Amino acid sequence: MAHESYCQRISTSILNEIMEDAQIINPTPHFNGGRLKIYYASQVGVAPCVIVLFVNDPEYLHFSYKRYLENCLRDRFNYEGTPIHIIARKRD
């Protein structure tokens, strides 16, 4: 079971849906003088799961909101006992 979740791939459309729902439930907070805007997300790695968030400014991503997004993914996809790496990258 842990190995299956470790090697699991999430489609970009479903991943973006989860990020959108997460932002509706808990909007991004003001941090470092601005508010984070997540444009889209994509899974770039499997084993372990690596998610890249394309955002307006990576400096606005507070560690607590990053943890919240990680927990949303864990709840939805049963990533229990599996590392999830979330990377914020400025959209060009």
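A crossing of two helices is called left-handed if the near helix is turned anticlockwise from the far one by less than a right angle, and right-handed if it is turned clockwise. In this predicted model, H2 passes H3 in a right-handed crossing.

The axes of these two helices, H2 and H3, come within 10 Å and cross at roughly 125°. Angles of 65 to 115 degrees count as roughly perpendicular and those over 145 as roughly antiparallel; H2 and H3 are therefore oblique to each other. On the H2 side the contact is made by Ile14, Leu15, Glu17, Ile18, Met19, Ala22, Gln23 and Ile25, which meet Tyr65, Tyr68, Leu69, Cys72, Leu73, Arg76 and Phe77 in H3. By class, the residues of this contact divide into 12 nonpolar, 1 polar and 2 charged.

The strands S3, S4 and S5 form an open sheet in that order, with mixed pairing. S3 (38-45) and S5 (84-90) stand at the edges with a single partner strand each, so one side of each is left without a neighbour in the sheet. On average, neighbouring strands of the sheet are turned by 25° against each other, direction ignored. The pairing of S3 with S4 (residues 49-55) is antiparallel and runs over 6 bridges. Tyr40 stands opposite Phe54 in S4.

Both helices pack on this sheet, as listed here.

| Helix | Residues | Strands touched | Angle between directions |
|---|---|---|---|
| H2 | 12-25 | S3 and S4 | about 135° with S3 |
| H3 | 63-77 | S3, S4 and S5 | about 130° with S5 |

Conventions
Residues are numbered from 1 along each chain as its sequence is written. This is a predicted model: local features need pLDDT of at least 70, side-chain atom pairs count only at pLDDT 80 or more; totals for chains, interfaces and linings use all residues. Side-chain values use heavy atoms; hydrogens and water are left out. Two strands pair if DSSP finds at least two bridges between them. Helices (H or I, at least four residues) and strands (E, at least two) are DSSP runs, numbered from the N terminus. Axes are lines fitted to C-alpha atoms, for helices over the stretch in contact, and angles run from 0 to 180 degrees between N-to-C directions. Contact means heavy atoms within 4.5 Å. Angles under 35 degrees count as roughly parallel, over 145 as roughly antiparallel, 65 to 115 as roughly perpendicular and the rest as oblique. Ala, Val, Leu, Ile, Met, Phe, Trp, Tyr, Cys and Pro count as nonpolar, Asp, Glu, Lys and Arg as charged, and the others, Gly among them, as polar.
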